[in-house]
Amino acid sequence: MSIGKSKTRAVARDGPRDGSREWALADRLHSAAIHLLRRLRIQDLASGIGPAKLSALSVLVFSGRALSLAELADAEQVKNPTMSRLVSDMQREGLVRTQTSKQDARSIQINATPRGRELLLAGKQRRVDSLAKAMADLQAADLEKLESCLEVLKRMIRKI
């Protein structure tokens, strides 16, 4: 094990770095968010495509506009060659279409196809259905707490 990895592991195991309530709560929220996303990701298996393609497709669908390869790669935090391979695969699968940019003939613009949009939205529906099912037995007070927490989370997300 490298020194860097052992230091990281020690910090995580030791708990809050600065001992603050905020850090401890952030640590618990981070863990809960990861667990929630992992559980919901099970629903994505029904889409028949991998998580990298689904993520890129999500960026395209919810951006509301065509994106360049560089913009999509940047949004997905990958290098252009990696995104180029994903886009080529998604194009062959009929999930996206590309066209040469009107501003720069060396650049392409990428859009989700109706099939790609439908596939992504169906996946979102499955994840939301799964969450709603998990909430079905909650008491009204717990649902109100969740609603309040969501408003706080939205404000926090804008600061990140």
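Reader: Buried residues first: what share of the chain do they make up?

Author: In this predicted model, buried residues make up 21% of the 160 residues in the chain.

Reader: And which elements does the chain have?

Author: There are 7 helices and 3 strands. Starting from the N terminus, the elements run α-α-α-β-α-α-β-β-α-α.

Reader: How much of the contact in the chain comes from residues 24 or more positions apart?

Author: Such pairs account for 47% of the contacts with a separation of 6 or more.

Reader: Good to know. What is the mean pLDDT of the chain?

Author: The mean is 89, and 89% of the residues reach 70 or more. Among the elements, H5 has the highest mean pLDDT, 97, while helix H1 (residues 3-14) has the lowest, 45. Over residues 1-11 the pLDDT is below 50, and beyond near neighbours in sequence that stretch has 3 contacts in the model. Where pLDDT is low, the predicted coordinates should not be read in detail.

Reader: How many bridges join E1 to E3?

Author: 2 bridges join them. Leu-67 stands opposite Ile-110 in E3, and Ser-68 has Gln-109 as its bridge partner in E3.

Reader: And how many join E2 to E3?

Author: That pair is joined by 5 bridges and also runs antiparallel. Thr-100, for example, stands opposite Ile-108 in E3.

Reader: What does the side chain of Lys-53 make a polar contact with?

Author: The partner is the side chain of Glu-93, at 2.6 Å. Leaving aside neighbours within four places in sequence, Lys-53 is in contact with Leu-86, Asp-89 and Met-90 as well as Glu-93.

Reader: Nice. On to H4, then: which of its residues are buried?

Author: In H4, residues 69-76, the buried ones are Leu-69, Leu-72, Ala-73 and Glu-76. They cover an arc of only 100° around the axis, which puts them on the same side of the helix.

Reader: What do the buried residues of H4 pack against?

Author: They pack against helix H3 (51-63), strand E1 (67-68), helix H5 (80-92) and strand E3 (108-112).

Reader: H4 also holds Glu-71. What does that residue touch?

Author: Not counting residues up to four places away in sequence, Glu-71 touches Arg-65 and Ala-66. Glu-71 is partly exposed, with a relative accessible area of 32%. The C-alpha atoms of Glu-71 and Val-59, which are 12 residues apart along the chain, are separated by 9.9 Å.

Reader: Last one: which residue follows H4?

Author: Gln-77 follows, in the loop between H4 and H5. Gln-77 is exposed, with a relative accessible area of 74%.

Reader: What is the phi of Gln-77?

Author: Phi is near 55° there, a positive value in a residue other than glycine. Most residues other than glycine have a negative phi.

Notes:
Residues are numbered from 1 along each chain as its sequence is written. This is a predicted model: local features need pLDDT of at least 70, side-chain atom pairs count only at pLDDT 80 or more; totals for chains, interfaces and linings use all residues. Side-chain values use heavy atoms; hydrogens and water are left out. Buried means under 20% relative accessible area, exposed over 50%, partly exposed in between (1.4 Å probe, protein chains only). Helices (H or I, at least four residues) and strands (E, at least two) are DSSP runs, numbered from the N terminus. The arc is that of the directions from the helix axis to the C-beta atoms. Contact means heavy atoms within 4.5 Å. Two strands pair if DSSP finds at least two bridges between them. pLDDT is the predictor's confidence in each residue, from 0 to 100. A polar contact is a pair of N or O atoms within 3.5 Å; within protein, one must be able to donate a hydrogen and the other to accept it, and residues adjacent in sequence count only if both atoms are side-chain atoms.
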